[in-house]
Amino acid sequence: MFRITSFLRRDVSLSRSEFVERWRNDLSAAMMANPQFVRSVRSYVLNKPFETVPEEFLWIACDDYDGVIELWFDTLPAAVATANALAADSAVQSAMQGLIDTVGSVTWIGHVVDGFDKPGIAVKRIVAGQPRADIPLETAQDYWVHDHYDFFSRFEDFMAYMLRYRAVYGIQTPGLQITSHRFMGMCADVGFASLQHLSDAYREPKHAAVMMTDIEKFGAKTGAITFTAGAVEVAYGKAMG
């Protein structure tokens, strides 16, 4: 399947709780009333923030964004057409006014490759990045989807914490006409039972000692973005998130 992923930054006038309330009510209602949305969206997922990320977990959870939208589709044309329809919808745009910092937000489309999914997920980390500039995009993505997955899967103590892994490789879509469009080549959804388990996983010494040696084979050293959800709400359609 194909997925629009949108990292959201709230308007500076709002508290985080005010932002979440208006997002899940006013904006979501306007989006779900759009005919193209109704025809094409298979799942609409709200990844909601922690009100405050405890300081000891900021190093891995980050706190730069206020939410992540997922819109799931059967086809790439449906994803592009729906995004453009929402961008042209006056009711949607009115709901976004004073709610979302569109310049500070990041939106792109990718193709989903599921790894595994286990019960007990309470924390969902979504991290997106770019490929190395000196290798073709598709070469980097292919290595990341297959070889990097094989690499980190060998570390049993690291994997013991992980309850979900899902890869979403970015697709360049020049027809996407939205203010927040910024292509991201690779995105991973990773699930954990708690923030403590997330932190413990990435501090697991055997994996931590060599993790970057593999990431450097395909990934850029800068430009990554991260959001960690404290709650996930499926507002429409199937439970995909």
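The side chain of Lys 124 forms a polar contact with the side chain of Glu 70, at 2.4 Å.

User: Is this an experimental structure or a predicted one?

Analyst: This is a predicted model.

User: Where is Lys 124 found?

Analyst: Lys 124 is in strand β5.

User: Buried or exposed?

Analyst: Lys 124 is buried, because its relative accessible area is 1%, and the cut-off for buried is under 20%.

User: Apart from residues up to four places away in sequence, what does Lys 124 touch?

Analyst: Its contacts include Asn 47, Glu 70, Arg 164, Asp 189 and Val 190. Phe 227, Thr 228, Ala 229, Val 232 and Gly 241 are also among the residues that Lys 124 touches.

User: Changing topic to helix α6: how many residues does it have, and how far does it reach?

Analyst: Helix α6 covers residues 137-153, which is 17 residues. From first C-alpha to last it reaches 23 Å, close to the 24 Å expected at 1.5 Å a residue.

User: Where does α6 bend?

Analyst: The bend is at Trp 144 and amounts to about 40°. Trp 144 is also one of the buried residues of α6.

User: Which other residues of α6 are buried?

Analyst: Among them are Leu 137, Ala 140, Gln 141, Val 145, His 148, Phe 151 and Phe 152.

User: What do the buried residues of α6 pack against?

Analyst: They pack against strands β4 (106-117), β6 (164-170) and β7 (186-192), and against helices α7 (156-159) and α9 (205-215).

User: And Ser 153, which helix is that in?

Analyst: Ser 153 lies in α6. It counts as partly exposed because its relative accessibility is 28%. Its side chain reaches the backbone oxygen of Tyr 149 at 2.6 Å. The C-alpha atoms of Ser 153 and His 207 are separated by 9.7 Å, although these residues are 54 places apart along the chain.

User: What is the volume of the largest pocket?

Analyst: The largest pocket has a volume of about 680 Å³. It is lined by 29 residues, and those closest to its centre are Arg 125, Val 127, His 148, Ile 215 and Ala 224.

User: Now α4. What should it span?

Analyst: Helix α4, residues 76-87, has 12 residues and should span 16 Å at 1.5 Å a residue; its end C-alpha atoms are 17 Å apart, which agrees. At the start of α4, a side-chain oxygen of Thr 75 comes to within 3.2 Å of the backbone nitrogen of Ala 78.

User: Which residues of α4 are buried, and what covers them?

Analyst: The buried residues are Ala 78, Ala 79, Val 80, Thr 82, Ala 83, Asn 84 and Leu 86. Their cover includes β1 (2-8), α1 (16-32), α2 (35-40), β3 (67-73), α5 (90-96) and β4.

User: What does the side chain of Asn 84 reach?

Analyst: The side chain of Asn 84 reaches the backbone oxygen of Gly 175 at 2.9 Å. Leaving aside neighbours within four places in sequence, Asn 84 is in contact with Gly 175, Leu 176, Gln 177 and Ile 178.

Terms used. Residues numbered from 1 in each chain as written. Predicted model: local features only at pLDDT ≥ 70, side-chain atom pairs only at ≥ 80, totals over all residues. Heavy atoms only, no water. Helix = DSSP H or I, 4+ residues; strand = E, 2+ residues; numbered from the N terminus. Expected span 1.5 Å × (residues − 1). Bend = angle between axes of the 7 residues up to and from the residue. Buried < 20%, exposed > 50% of the residue type's maximum accessible area, 1.4 Å probe, protein only. Contact = heavy atoms within 4.5 Å. Polar contact = N/O pair within 3.5 Å; in protein donor to acceptor, adjacent residues only side chain to side chain. 1 Å grid on protein atoms, 1.4 Å probe; cavity = no way out; pocket = protein on both sides within 12 Å on 5 of 7 lines; lining within 4 Å. Points joined across faces, edges and corners; volume = space filled by probe spheres on them.
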